[in-house]
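Biologist: Could we go through this model together? I would like to begin with a single residue and then widen the view.

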Amino acid sequence: KHGRLAMMATIGFITPFYAKLPGYLSPSKDIKFEDIPVGITAIAKVPAAGWVQILLFAALCEFGLGPSIQEWKEGQPGDYGRGALGMFGPI
């Protein structure tokens, strides 16, 4: 689990050096994706509401929409009960 997170963080750190999304990060504050610097300095440029959205999305990905915390603690790592690639039933 932590390896996947580390890989995503690395890609997220490297990608802005090569490409940036078009459009606005925050239309109300007139901040474009192009205006965000690369590297650690980008942290201070993202509005607080953006960080809240990022954290809420991460929590949704981690805990899902409905599983209980007990199920999360006791379940087998990586076994979501959906079978191979999440497309088939349990095998």
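This is a predicted model: local features need pLDDT of at least 70, side-chain atom pairs count only at pLDDT 80 or more; totals for chains, interfaces and linings use all residues.

Biologist: Is S26 buried or exposed?

Modeller: S26 counts as buried, because its relative accessibility is 9% and the limit for buried is under 20%.

Biologist: Which residues is S26 in contact with, leaving aside its neighbours within four places in sequence?

Modeller: With those neighbours left aside, S26 is in contact with I31 and P47.

Biologist: How much of the chain counts as buried?

Modeller: The chain has 91 residues, and 8% of them count as buried. As for its surface, the chain exposes about 7900 Å², of which carbon and sulfur atoms supply 67%.

Biologist: Which elements does the chain have, and in what order do they run?

Modeller: The chain contains four helices and two strands. Starting at the N terminus, the order is α-β-β-α-α-α.

Biologist: Where is E34 placed?

Modeller: E34 is in the loop between β2 and α2, and α2 covers residues 42-45. E34 is exposed, because its relative accessible area is 58% and the limit for exposed is over 50%.

Biologist: How far apart are E34 and P16 in space?

Modeller: From C-alpha to C-alpha, E34 and P16 are 9.3 Å apart, while 18 residues separate them in sequence.

Biologist: Now the surface again. Which residues make the nonpolar patch?

Modeller: The patch is made by F13, I14, F17, Y18, V38, I40, I43, W51 and I54, and its area is about 930 Å². The elements that give two or more residues to this patch are α1 (2-14) and α3 (48-63).

Biologist: Take F13, then. Where is F13 placed, and is F13 buried or partly exposed?

Modeller: F13 is in helix α1. F13 counts as partly exposed, because its relative accessibility is 41%, which falls between the limits of 20% and 50%.

How values were computed: Residues are numbered from 1 along each chain as its sequence is written. Side-chain values use heavy atoms; hydrogens and water are left out. Patches are made of residues with over 30% relative accessible area and no salt bridge: like charges are joined within 9 Å, nonpolar side chains (Val, Leu, Ile, Met, Phe, Trp, Tyr) within 5 Å. Accessible areas come from the Shrake-Rupley method with a 1.4 Å probe; for residues, only the protein chains shown count as cover. A salt bridge is a side-chain nitrogen of Lys or Arg within 4 Å of a carboxyl oxygen of Asp or Glu. Buried means under 20% relative accessible area, exposed over 50%, partly exposed in between (1.4 Å probe, protein chains only). Contact means heavy atoms within 4.5 Å.
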